[in-house]
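Subject: Structure for you to look through

Dear colleague,

Here is the structure I promised to pass on, with the sequence alongside. Please open it first and keep it in view while you read the notes below.

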Amino acid sequence: MLSVAVGWQVYEITHRPLDLGYVGLAQFLPGIVLFLFAGHAVDLFDRRALLMWCYAGFALCSALLLLISWRAPRSVHLIYVVLALMGAVRSFNFPASRAILPQLVPEEHFANAVAWNSSAFQIATIAGPALGGIVYAISRGPNTVYAIAFAISILAMAMTVRIRILTAVRSKEPVSMRTVFAGFRFIWEKKLILGSISLDMFAVLLGGAVALLPVYAREILRAGPWGLGLLRSAPGIGAAVMAIAVAHYPIRRRAGLTMLLCVAGFGVFTIAFGLSRSLILSLIALFLVGASDMISVIVRATLVQIATPDEMRGRVNAIDMLFIGVSNELGEFESGLTAHLFGTVPAVLLGGLGTLVVIGIWAWLFPELRKADQLTVAELMPQ
């Protein structure tokens, strides 16, 4: 909901695609500074308590956006400040929420749980933008969206209290540069993990068109805020359908090749979206973008969690978060900057073509990824 409201509000104020890129950049930059500290904190402290503080932080950000919309509705710079704070909160939220997941289910069910967890997340990805666009259009402004987001964050904080986790004994190493950077060393040694998370990073960095959806909704498809909500929801619907399909029919063989082919599909469908001038065709293309990307998400998440010892999951997931931040938030800035320089449609088309180039390079650089078969501990640990 916030993504739609902030994107539409910023573009209504400035009418510049580059400012939509700054929305992503403002959320990405705090992660560069904080991700190492956040990962180590997740490995040292109670992960459930950290999650509760993160939801409180998201509630604060929603309240500040509401206050800005009331008191200084034309101040884009204040919005960027709040988005930077939100990026700082997300630096802790992502590794904490990912690292706690293996403490909720037995190891033999983990790959299936990742798929179901992704399905639940995608339901929010579908409902949030659609509801945000509708509420924005009905209330003729972002205030109601920000108020609802504040209430939901408080509800999430309250619900987290009821979580019961499987307590795991974690060795608490003293804080040092060696322990802080241990996650980097671990990922560098596991070429399969390095290949999967870096592939996803570069593919989405180049091929992400989400940041430019307000431009498409307003200038190209002429669909308004409700249309932007539909466009933002379409990838989530595709991802949710694919996640449910994988939950019922898990990837049992040729996981690496499947991931490479699906990321290639992500690039192809991004190009199709860039060429579309029809709302229906654009929604179909974005649906397929989300469906193909979900395979990459499931494979990467399963690889990272199964192959990582519990006492290092915070640091490893923090690095994974940095890679995802580069692909998503920095990708939004890249899309906004490219659109500013070359135009909106060429930016999307170049991004899709860039994704296809990355696929070819990564298939050559990481034969371990190309040859990966089953997503099991037995296959991953010897790497």
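To read the first note you need the meaning of a bend, which at any residue is the angle between two axes, one fitted to the seven residues ending there and the other to the seven starting there. Helices are DSSP runs of H or I with at least four residues, numbered from the N terminus. This is a predicted model, in which local features need pLDDT of at least 70 and side-chain atom pairs count only at pLDDT 80 or more, while totals for chains, interfaces and linings use all residues. Residues are numbered from 1 along each chain as its sequence is written, and side-chain values use heavy atoms, with hydrogens and water left out.

Helix 11

In helix 11 there is a kink of about 30 degrees at serine 233, shortly before proline 235.

Aromatic pairs

The structure holds 3 aromatic pairs, a pair being two rings of Phe, Tyr or Trp (its six-membered ring) with centres within 6.5 Å, called stacked if the planes are under 30 degrees apart, edge-to-face if over 60 and tilted otherwise. One of them joins tyrosine 22 and tyrosine 80 edge-to-face, at 6.1 Å centre to centre and with 80 degrees between the planes. This pair links distant parts of the chain, since tyrosine 22 belongs to helix 2 (residues 17-44) and tyrosine 80 to helix 4 (residues 76-100), 58 residues apart. Tyrosine 22 is partly exposed at 29% relative accessible area, whereas tyrosine 80, at 14%, counts as buried; here buried means under 20%, exposed over 50% and partly exposed in between, with a 1.4 Å probe and protein chains only. In another pair, the ring centres of tryptophan 362 and phenylalanine 366 are 6.1 Å apart and the planes meet at 40 degrees, so the pair is tilted. Both tryptophan 362 and phenylalanine 366 are buried.

Salt bridges

A search of the whole structure finds 2 salt bridges, each defined as a side-chain nitrogen of Lys or Arg within 4 Å of a carboxyl oxygen of Asp or Glu. Aspartate 19 and arginine 16 meet in one of them at 2.8 Å, N to O; aspartate 19 is buried, with a relative accessible area of 5%, while arginine 16 is partly exposed at 38%. Arginine 218 forms a salt bridge with glutamate 219, with the closest N and O atoms 3.8 Å apart.

Key:
Helix = DSSP H or I, 4+ residues; strand = E, 2+ residues; numbered from the N terminus.
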